[in-house]
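Hello! Here is the structure I promised to pass on to you. Open it up, keep it beside this email, and follow along as I go through what turned up.

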Amino acid sequence: MTTRLTLTHRPRRMRRTAALRAMAAETHLTPGDLVQPVFVIEGKGQKEPIASMPGQARLSVDLLVEQARHLHRLGVPGMALFPKVDDSLKDHTGTESQNDDGLVSRAVKSLKAAVPEMMVICDVALDPYTSTGQDGIVEDGEILNDETVAALIEQALCEARAGADMVAPSDMMDGRIGAIREALDDNGFEKCAIMSYAAKYASSFYGPFRDALDSAPRGGADKKTYQMDPRNRTEAIREVELDLDQGADMVMVKPALPYLDVVRLVRDISTVPVSAYHVSGEYAMLKAAGANGWLDEDKCMMEALISIKRAGADVIFTYATQEIAEKLG
Ligand code: PBG
């Protein structure tokens, strides 16, 4: 009995050596695909590690500028800014989000002055600034849509005035992309791009992020009346189409790994670049398993990001940006 099969097709031929595998590789991850989300705080020389996000810290603006220089040298094109503001600045309507002298405005100005090539992306949503921890204005337990959009317009204008290259509404109010686009254009900011968090789910994977900003909805409330239901997929098409109609320059799916089917779906229908947000909880899970010796953290992180790219993401927002870019470098 011969043990040799007569096979025309032997897929293993293309896996035999590293060189062959490199030729056959369909997906390539580069630092240019990645955006680093960062947390900014007041002060100088301040670095506060975030317990639930090992390797990440809240940084004062001067340290953020140093990080921007480093990321730029590594070939990372963008940073997404999230401010942690003092409780004393929070109110019902998130007034501080419109302060031209506020933390975000100062951070954007310093970053653009030091590293003009680095794309600075500012979040548009009220949650770091509201006493309720909600992304919008609350009245009798309801998140008001149109009143919130009016506030988001002012926040986006404030970010554009500071010099943001891109504003990224992550609030999930209806109609905010068109309203923000019109306001930006009316005020001479037609070059400021909009990345819409178009298919953003009401996810429990945002936990560590909310720790980082102390922005969890108060009193155990959730965000289910505006963020998408994790059970839905077709609805993501509707959200993306609406935002494209309203002028979004880029759309996002968030979170990433538990929603790879949605990433692929959105990539197939979108006429603009698609980003996916590998969120705080996804990052924390790998870090925790790595710290316990249960997983090879570096390899699993790389595999996770490759999977997000393979699913169709053109750009990945991930806390692992710097460490991965250092490795790829
Ligand atoms: C808030 C916002 C959230 C994230 C980005 N912008 C949290 C939320 O919607 O509650 C989550 C990011 C992460 O978990 O890494 N507008």
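**What turned up**

With a relative accessible area of 0%, Thr-148 is buried. You will find Thr-148 in helix H4, which covers residues 145-162. Thr-148 is 16 residues away from Thr-132 in sequence, and the C-alpha atoms of the two are 13 Å apart in space. Before we go further, please keep in mind that this is a predicted model.

**Aromatic rings**

Let's turn to the rings. A pair of aromatic rings is described by two things, the distance of the centres and the angle of the planes. How many aromatic pairs does the structure hold? There are nine. In one of them, Tyr-201 and Tyr-259 are stacked, with 4.3 Å from centre to centre and 25° between the planes. The angle is what decides the label here, because planes under 30 degrees apart count as stacked. This pair links distant parts of the chain, 58 residues apart. Tyr-201 belongs to the loop between strand E9 (193-200) and helix H6 (207-213), while Tyr-259 belongs to the loop between strand E10 (250-254) and helix H8 (260-269).

Are these two residues buried or exposed? Tyr-201 has 0% relative accessibility and therefore counts as buried. Tyr-259, at 8% relative accessibility, counts as buried too.

A second pair to look at is Tyr-277 with Tyr-319. Their ring centres are 6.0 Å apart and the planes meet at 45°, so this pair is tilted. Tyr-277 is part of strand E11 (residues 274-278), and Tyr-319 is in the loop between strand E12 (315-318) and helix H11 (321-328), so the pair ties together parts that are 42 residues apart in sequence. Both Tyr-277 and Tyr-319 are buried.

These two tyrosines also belong to one aromatic cluster, together with Phe-39, Phe-82, Tyr-197, Phe-209, Tyr-283 and Phe-317.

**Lys-254 and its surroundings**

Which rings does Lys-254 lie over? One is the ring of Phe-209, where Lys-254 lies over the face at 6.0 Å from the ring centre. Another is the ring of Tyr-277, with the charged end of Lys-254 sitting over it, 4.7 Å from the centre. The backbone is worth a look here as well: the peptide bond from Lys-254 to Pro-255 is cis, with omega near -10°. Pro-255 itself is in the loop between E10 and H8.

**The ligand**

Lys-254 comes up again at the ligand. There are 17 residues around the ligand, and those that come nearest are Arg-210, Lys-223, Lys-254, Ser-280 and Tyr-319. By class, this shell has seven nonpolar, three polar and seven charged residues.

Some distances to the ligand are given here, each from a polar side-chain atom:

- Ser-170 lies 2.7 Å from a nitrogen atom of the ligand.
- Lys-200 lies 2.7 Å from an oxygen atom of the ligand.

How much of the ligand's accessible area does the protein cover? On its own the ligand has 400 Å² of accessible area, and the protein covers 100% of it.

Two aspartates have a backbone angle to check. Asp-140 has phi near 50°, a positive value in a residue other than glycine. Asp-140 sits in the loop between strand E6 (137-139) and strand E7 (142-144), and with a relative accessible area of 80% it is exposed. Asp-214 is not a glycine either, yet has a positive phi of about 50°. Asp-214 is in the loop between H6 and helix H7 (234-245) and is partly exposed, at a relative accessible area of 33%.

Next comes Gln-134, in the loop between strand E5 (119-124) and E6. Gln-134 counts as buried at 6% relative accessibility, and a polar contact of 2.3 Å joins its side chain to that of Tyr-226.

Last, find Asp-261 in helix H8. Asp-261 counts as partly exposed, at 40% relative accessibility. Between Asp-261 and Ala-162 there are 37 Å in space, C-alpha to C-alpha, and the two are 99 residues apart in sequence.

Happy exploring, and write back with any questions!

Terms used: Residues are numbered from 1 along each chain as its sequence is written. This is a predicted model: local features need pLDDT of at least 70, side-chain atom pairs count only at pLDDT 80 or more; totals for chains, interfaces and linings use all residues. Side-chain values use heavy atoms; hydrogens and water are left out. Rings of Phe, Tyr and Trp (its six-membered ring) pair if their centres lie within 6.5 Å; planes under 30 degrees apart count as stacked, over 60 as edge-to-face and the rest as tilted. Helices (H or I, at least four residues) and strands (E, at least two) are DSSP runs, numbered from the N terminus. Buried means under 20% relative accessible area, exposed over 50%, partly exposed in between (1.4 Å probe, protein chains only). A charge sits over a ring if NZ of Lys or CZ of Arg is within 6 Å of the ring centre and within 35 degrees of the ring normal. A residue is near a molecule or strand if one of its heavy atoms lies within 4 Å of it. A polar contact is a pair of N or O atoms within 3.5 Å; within protein, one must be able to donate a hydrogen and the other to accept it, and residues adjacent in sequence count only if both atoms are side-chain atoms. Accessible areas come from the Shrake-Rupley method with a 1.4 Å probe; for residues, only the protein chains shown count as cover. Ala, Val, Leu, Ile, Met, Phe, Trp, Tyr, Cys and Pro count as nonpolar, Asp, Glu, Lys and Arg as charged, and the others, Gly among them, as polar.
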